[in-house]
Amino acid sequence: MLVHEAVATALADLGVDTVFGVVGSGNFHVTNALIAKGARYVAARHECGAACMADAWARSTGRPGVLSVHQGPGLTNAMTGITEAAKSRTPLLVLAADVSASAIQSNFRIDVAALAAGVGATPARLHSRSLAIDDAVRAYLTAADERRTVVLSMPLDVQAAECAWPPGGPVQPAARAQPQPSQLQVDRLADAIAQAERPVFVAGRGARVADARHALEYLADQCGALLATSAAAKGLFRGNPWDLDVSGGFASPLAAELIGNADLIVSWGSSLNMWTMRHGTLIGPDATVAQVDIDKAAIGAHRKVHLGVVGDVAHTAAAVTAKLGGAPGPAGWPETGYRSDSVRERIAREIRWRDVPFDDESDGQRIDPRTLTIALDDMLPAERTVAIDSGNFMGYPAMYLSVPDQDGFCFTQAYQSIGLGLASAIGAAIARPDRLTVAALGDGGALMGVSELETAVRLGLQMVIVIYDDEAYGAEVHHFGPHGYPLSTVQFPPADIASIGAGFGCVGVTVRTADDLALVREWLDGPRDRPLVIDAKVTASHGSWWLEEAFRGH
Ligand SMILES: Cc1ncc(C[n+]2csc(CCOP(=O)(O)OP(=O)(O)O)c2C)c(N)n1
Ligand SMILES: [Mg+2]
């Protein structure tokens with residue numbers, strides 16, 4: 001058999017059943033070989049879109065994503081999406097066609113390994129016909145086990161060479177053992193938790209990937225902790241009466257108050273970065289900070305911590321629970337720690353942003369983004385996936401649209417790139433066709449990634465694409481405008497994005513008032529066989545509440 005067939009066979013045997021990409025001559029055969037092995041191939045219209053789709057698909061399914069690209073420009077086009085995946089530790093295998101070693105003068109020649117390493121991805125290579133199968137298996141398992149984005153260079157001459165399927169199958173590297181927390185660290189964390197009067201747990205991506213909701217809720221019940229998440233894990237504690245939702249720039253006033261008054265903050269797989277901790281201002285001056293992470297290097301990387309525990313989140317939570325001992329009574333654990341009837345009532349009443357009063361600035365021509373988002377939250381089915389692009393607008397969908405669980409939120413912000421949100425939403429929609437997918441975009445990000453509207457239409461995806469259209473790179477307008485700088489580089493004339501959407505085959509509506517949302521209801525009534533593009537002309541007289549905070553990070 002030929003190497004490209006053998007690689008496809010090995011990957012299919014490992015469970016690869018979905019591949020995103022843009023096909024050129026260099027990845028034509030390997031992609032077709034994967035299809036022949038039963039994989040679904042999703043053609044994107046731009047490689048960056050394909051990368052974002054594979055990334056979001058991996059986030060939504062919890063399985064490694066696979067991306068197939070042509071050599072040279074196919075890979076460089078994909079790099080922004082690949083960088084986002086690498087920085088998010090998304091398990092992703094990039095099948096990157098590459099020129100043959102001897103094709104020294106090829107136009108397509110680039111240093112693939114340097115490119116991958118330069119953005120934090122892991123370089124890998126099909127070295128030769130005899131090593132290729134093992135190389136491919138190792139690359140896939142590195143992505144899966146170590147949660148890495150692996151760029152596998154696949155030289156054309158190696159792909160086209162004859163090879164033999166190894167008797168007994170490819171080498172199976174042993175899965176990496178998860179580090180177990182030391183008993184000393186578990187004891188110290190249990191002591192800190194036992195002594196705390198107002199503990200708050202902040203769960204991050206590490207809690208999400210460890211499927212640690214149950215273990216963390218049990219421990220939190222035991223010690224009376226309140227529960228919060230980083231944005232990456234939003235939805236993890238949905239439905240829990242002690243859930244404060246997201247900590248950080250998006251935290252509601254009550255969440256910020258309760259986290260700020262904690263005497264112990266325990267990070268469970270969250271980096272406690274400047275976003276999650278508002279540059280540290282959410283940590284009270286006398287609070288103890290503990291951090292649990294599977295990765296030793298993550299402990300204390302962003303913030304001074306008093307106690308670090310290296311271990312898997314779910315295992316560590318279970319070990320602390322065992323150490324604390326005790327048992328719930330017939331009515332559960334007694335209310336202790338930070339938990340009281342008054343805190344419970346305040347959470348029920350005030351924790352959601354939509355319950356915080358605001359002055360509706362809608363003026364008949366433009367709708368207040370808060371009014372818009374609350375109305376959409378009421379109209380759209382609760383079973384939804386929300387995917388969000390970057391920009392000034394992003395706080396509105398992030399905090400006014402509820403999500404059913406941690407898989408219902410796709411937040412690709414590790415690289416802070418605009419233009420990824422639509423493709424991320426498409427990847428999430430493919431992963432979870434049972435849910436309505438909501439892509440929330442700015443007009444800048446929407447127009448940057450607009451080619452993937454064709455993909456959404458072609459695939460008949462059930463999607464609502466809402467564009468917070470301020471006719472500007474609003475984040476930059478609000479960043480520089482107050483200082484009196486000229487803004488002509490970041491402001492644009494009106495664009496009829498509803499018609500652009502309709503041109504791609506979507507249903508397009510323009511929303512200027514809450515009444516215009518009747519058109520959204522019509523779409524929701526069915527048949528929902530074409531994506532809905534909502535061009536929401538939003539008010540933009542000032543920046544969003546979280547943007548000012550975010551600018552401190554620049
Ligand atoms: C690829 C990329 N280019 C430029 C930027 C800088 N940038 C950050 S936010 C932003 C404006 C985004 O505009 P839009 O999508 O309309 O959202 P808005 O801020 O107006 O709500 C820009 C240009 C970036 N983050 N990523
Ligand atoms: Mg804008």
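The points below go through the two ligand sites and several single residues of this predicted model.

1. Conventions. Residues are numbered from 1 along each chain as its sequence is written, with chains lettered from A and ligands numbered from 1 in the order in which they are written.

2. Shell of ligand 1. There are 17 residues around ligand 1, and Asn392, Asp443, Gly444, Gly445 and Gly474 come nearest (near: a heavy atom of the residue within 4 Å of the molecule or strand). By class, the shell holds five nonpolar, nine polar and three charged residues. Here Ala, Val, Leu, Ile, Met, Phe, Trp, Tyr, Cys and Pro count as nonpolar, Asp, Glu, Lys and Arg as charged, and the others, Gly among them, as polar.

3. Polar atoms at ligand 1. The side chain of Asp443 has an N or O atom 2.7 Å from an oxygen atom of ligand 1. A polar backbone atom of Gly445 is 2.8 Å from an oxygen atom of ligand 1. A nitrogen atom of ligand 1 lies 3.0 Å from a polar side-chain atom of Glu476. Of the 580 Å² of accessible area that ligand 1 has on its own, the protein covers 77% (Shrake-Rupley method, 1.4 Å probe; for residues, only the protein chains shown count as cover). Helix 17 (443-448) and helix 19 (474-480) are the elements that give two or more residues to this shell; helices (H or I, at least four residues) and strands (E, at least two) are DSSP runs numbered from the N terminus.

4. Magnesium site. Which protein atoms are donors to the magnesium ion (ligand 2)? They are Asp443 (OD), Asp470 (OD) and Ala472 (O), at 2.0 to 2.1 Å. Donors are N, O and S atoms within 2.8 Å of the metal (3.2 Å for Na, K and Ca); water is not among the atoms, so the site may look incomplete. The sequence spacing of the donor residues is D-x26-D-x1-A. Asp443 in helix 17 and Ala472 in the loop between strand 16 (463-469) and helix 19 are 29 residues apart, and the pair links distant parts of the chain. Asp443 is buried at 7% relative accessible area, and Ala472 is buried at 8%. Buried means under 20% relative accessible area, exposed over 50%, and partly exposed in between (1.4 Å probe, protein chains only).

5. Ser153. This residue is in strand 6 (residues 149-155) and is buried at 3% relative accessibility. Its side chain makes a polar contact of 3.1 Å with that of Arg125. A polar contact is a pair of N or O atoms within 3.5 Å; within protein, one must be able to donate a hydrogen and the other to accept it, and residues adjacent in sequence count only if both atoms are side-chain atoms.

6. Backbone points to check. Most residues other than glycine have a negative phi, and most peptide bonds are trans. The peptide bond from Gly526 to Pro527 is cis, with omega near 10°; Pro527 lies in the loop between helix 21 (518-524) and strand 18 (532-537). Arg147, not a glycine, has a positive phi of about 50° and is partly exposed at 28% relative accessibility. Asp211 has a positive phi near 55° and is exposed, with a relative accessible area of 62%.

Methods:
Predicted model: local features only at pLDDT ≥ 70, side-chain atom pairs only at ≥ 80, totals over all residues. Heavy atoms only, no water.
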